[in-house]
There are 2 protein chains.
Amino acid sequence: MDFSSKLLENAVNEMAQFPGIGKRTALRLVLHLLKQPKSHTQKLSESLQQMRDEVIFCKNCHNISDKEICEICSNLNRNKELVCVVEDIRDVMAIENTSQYRGQYHVLGGKISPMDGIGPGELNISSLVDKVKSGTVKELVFALSSTMEGDTTNFFIFKQIEEFNITTTTIARGISVGDELEYADEVTLGRSIVNRIPFEASLKK
Amino acid sequence: MDFSSKLLENAVNEMAQFPGIGKRTALRLVLHLLKQPKSHTQKLSESLQQMRDEVIFCKNCHNISDKEICEICSNLNRNKELVCVVEDIRDVMAIENTSQYRGQYHVLGGKISPMDGIGPGELNISSLVDKVKSGTVKELVFALSSTMEGDTTNFFIFKQIEEFNITTTTIARGISVGDELEYADEVTLGRSIVNRIPFEASLKK
């Protein structure tokens, strides 16, 4: 693309560094800014920079927070003995939305993925092992995505905490509520048959 | 969405103001920034703000530029008597990419669209009429999108410059090069039959 302005080109190139945003989309977004008052762009860039500079990760669960210990970890009504292992903050938000979970979280910050150069050292795994070692955790719920990377990460963590004899569970995989059986993929349907639960348990919602 | 951090929420809300970017996408983009070094976010916000604050619109054609008169308008090899009327800078870039046009442009900055509150006063129409009035323009090429708004805008401009007796043309509509006739919509196919051109003319590329 040939730009008529160097300033425009710079802005487009910076925007196009976001994942999933190509040059054309970036140009559309930048031109949108030009149609808005200058204060709009100022507010946008200030809030991005402030967020990047000042955001804190909770010392206990590594979730994004405004305080050293996040609201979930400092909430006394939540079960400290139950810890759900998730990939990132979006998973925490998704689980919180269900209002079905009253334990704490541990945000890994990603999955082990040698292809992307992410090894166990890049993730918050050692602090999780320390937490288990200290004896506060009774059950660990694995809630990573069921991809090869997710399974590898689960297994890696499992191997490290195996000796401490705590309960480890994983969230149930199965047919989504409301879905038709005939359209489900066979792996999911297969797992939901193998891991069937007592009928009475399904009546609790 | 419930955010665990006010800073994160602000950043997501600002990003979600871009057209076509919802809260979920905004969150994904903002989390991407958190995985990058701080300097990345700084560069991004600086380039956006600099672009917004310092970008200039060419005094002659209203295209985005770094100078008072853009490179196209100041290029002596380009035909000043031929002016192509377009909606925004992306159309200029698209036409420039073809290398088939050696005239100048006039960027309206949008189309007349009462539904969106855009009247003729919001667009760079009066400066176009002045340009025609001054006698420098011999041919005006309308290259707006062929929607109701585009047609309205064309007609509005046409009515205002009718008295000056210059040539007005519009870019050809027809079947795209390489497209199959059977898949073309009937309006396009109809226009391409009505506006057929001499066969010899089609041999020039």
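1. A word on burial before anything else: a residue is called buried if 20 or more other C-beta atoms lie within 10 Å of its own, exposed if 12 or fewer, and partly exposed in between, with C-beta atoms placed from the backbone. Ser145(A) has 13 other C-beta atoms within 10 Å, so Ser145(A) is partly exposed. You will find Ser145(A) in the loop between β5 and α7 (148-161) of chain A. Helices (H or I, at least four residues) and strands (E, at least two) are DSSP runs, numbered from the N terminus.

2. Please keep in mind that this is a predicted model, in which local features need pLDDT of at least 70, side-chain atom pairs count only at pLDDT 80 or more, and totals for chains, interfaces and linings use all residues. Residues are numbered from 1 along each chain as its sequence is written, while chains are lettered from A and ligands numbered from 1 in the order in which they are written.

3. Back to Ser145(A) for its surroundings. Two residues are in contact if their C-beta atoms, placed from the backbone, lie within 7 Å. Setting aside neighbours within four places in sequence, Ser145(A) is in contact with Glu87(A) and Gly150(A). The C-alpha atoms of Ser145(A) and Lys111(A) are separated by 9.0 Å, although these residues are 34 apart along the chain.

4. Now the sheet of chain A. Four strands form an open sheet in the order β4-β3-β5-β6, with parallel pairing. Its edge strands, β4 and β6 (167-170), each pair on one side only. Neighbouring strands are turned by 25° against each other on average, direction ignored; axes here are lines fitted to C-alpha atoms, for helices over the stretch in contact, and angles run from 0 to 180 degrees between N-to-C directions. Two strands pair if DSSP finds at least two bridges between them.

5. Strand β3 (residues 79-86) of chain A pairs with β4(A) in the parallel sense over five bridges, and Asn79(A) stands opposite Gly103(A) in β4(A). Strand β5 (residues 139-142) of chain A pairs with β6(A), also in the parallel sense, over four bridges; the bridge partner of Phe142(A) in β6(A) is Thr170(A). Strand β4 (residues 103-107) of chain A has four of its five residues buried, so this strand is largely enclosed by the rest of the structure.

6. Chain B has an open sheet of four strands in the order β4-β3-β5-β6, and the pairing is parallel. Here β4 (103-107) and β6 (167-170) of chain B are the edge strands, each pairing on one side only. The twist averages 25° from one strand to the next. Strand β5 (residues 139-142) of chain B and β6(B) share four bridges in the parallel sense, and Glu139(B) stands opposite Thr167(B) in β6(B).

7. The contact between the chains takes 45 residues from chain B and 45 residues from chain A. On the chain B side, α1 (6-15), α2 (23-35), α3 (38-54), β2 (64-65) and α5 (89-98) each supply at least two residues. The largest share of that side, 14 residues, comes from α3(B). That side divides into 20 nonpolar, 12 polar and 13 charged residues; Ala, Val, Leu, Ile, Met, Phe, Trp, Tyr, Cys and Pro count as nonpolar, Asp, Glu, Lys and Arg as charged, and the others, Gly among them, as polar.

8. How do the two α3 helices pack, and at what angle? Helix α3 (residues 38-54) of chain A and α3(B) pack at about 170°, with their axes 9 Å apart. The helices are therefore roughly antiparallel to each other; angles under 35 degrees count as roughly parallel, over 145 as roughly antiparallel, 65 to 115 as roughly perpendicular and the rest as oblique. Residues that meet there include Leu44(A) and Leu48(A) in α3(A), and Leu44(B) and Leu48(B) in α3(B). The residues of this helix contact divide into four nonpolar, eight polar and six charged.

9. Finally, two backbone points to look at. Phi of His62(A) is near 65°, a positive value in a residue other than glycine. His62(A) sits in the loop between β1 (56-57) and β2 (64-65) of chain A and counts as buried, with 22 C-beta neighbours inside 10 Å. Asn165(B) also has a positive phi, about 55°, although it is not a glycine. Asn165(B) lies in the loop between α7 (148-161) and β6 of chain B and, with 8 C-beta neighbours inside 10 Å, counts as exposed.
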